[in-house]
Amino acid sequence: MAVRRKVGIKAKFAVLFVATAVVLLAVNAVWRESVQHDQVEREMLESAHMLATEMNAVWDFMEVNQSQFVRNEDGTYNVYCVVAAKVVAQKFTNSSGGIIIHYTNIETRKPADAPDEYELEALYALRDNPDSKAYYGLVDYQGSKAFRYVEPLWMAESCLECHGGPEGELDVMGFPKEGREVGDLAGAASIIIPADTYLAGAQESATRETLVFFLFLASCMLVAFYGISRLVTKPLRKL
């Protein structure tokens with residue numbers, strides 16, 4: 001005949017404590033991951049927005065001072081604001097250590113300006129929602145995580161010289177005009193920031209916080225287990 005062994009109250013409490021600890025650690029890990037993800041996204045959003053603001057300042061400066069540029073004999077300029085902004089963006093990209101700044105649009109004049117799948121999705125979303133300030137998110141990019149940020153550029157009066165009407169007429173740079181109007185989507189500044197460094201730092205911080213939480217939880221449970229052993233199970237055994 002098999003002998004049924006009784007499980008003592010201390011063993012039951014031990015199982016309960018361990019099960020509670022596992023659940024709390026799992027909940028804490030999920031919560032920490034969510035918090036760290038949001039924190040990383042906020043930090044990268046701030047960085048991307050700052051880069052876009054600086055590039056917009058370069059563009060605005062070139063546009064305001066267009067009349068100061070050297071003119072050719074036919075009255076055209078040697079440098080245009082859009083060309084200067086793209087050159088600055090390319091130079092920054094080449095020396096930034098991984099950050100990419102790219103000016104693009106749904107339809108572009110040059111193949112190098114053509115949007116990728118994410119940028120095209122962002123351009124359509126921004127065009128359909130003019131109140132949107134930007135389109136962004138943490139996504140997979142070329143085998144790793146990256147923060148994608150796309151900020152719209154809208155047609156201003158000064159843009160019509162090259163992109164206004166009549167549609168099809170060649171502008172000063174020899175490209176056909178698109179017949180756009182003030183307020184139309186003129187394109188977007190696309191910024192790509194590698195997220196590996198940000199995520200690694202967040203993971204390290206989350207690991208430390210989880211370890212501290214585990215030690216705190218273990219200490220509390222050991223104290224509770226000791227208290228139950230001294231104040232409950234020992235008196236019960238005497239009775």
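Modeller: Val-150 stands opposite Ser-190 in S4. Strands here are DSSP runs of E, at least two residues, numbered from the N terminus; two of them pair if DSSP finds at least two bridges between them.

This is a predicted model: local features need pLDDT of at least 70, side-chain atom pairs count only at pLDDT 80 or more, and totals for chains, interfaces and linings use all residues. Residues are numbered from 1 along each chain as its sequence is written, and side-chain values use heavy atoms, with hydrogens and water left out.

S3 also pairs with strand S2 (residues 135-141), in the antiparallel sense, over seven bridges. There, Gly-137 stands opposite Arg-148 in S3. The hairpin of S2 and S3 has two residues between the strands, and Gln-142 takes a positive phi near 50°.

S3 spans residues 144-154 and is mostly covered: eight of its eleven residues are buried. Buried means under 20% relative accessible area, exposed over 50%, partly exposed in between (1.4 Å probe, protein chains only).

Now Glu-151, found in strand S3. Glu-151 is buried yet has no salt bridge (a side-chain nitrogen of Lys or Arg within 4 Å of a carboxyl oxygen of Asp or Glu). The nearest side chain of opposite charge, Lys-133, is 9.4 Å away; Lys and Arg count as positive, Asp and Glu as negative, and His and the chain ends are not counted. The Glu-151 side chain does make a polar contact with the side chain of Asn-56, at 3.0 Å. Such a contact is a pair of N or O atoms within 3.5 Å; within protein, one must be able to donate a hydrogen and the other to accept it, and residues adjacent in sequence count only if both atoms are side-chain atoms.

Methods
Helices (H or I, at least four residues) and strands (E, at least two) are DSSP runs, numbered from the N terminus.
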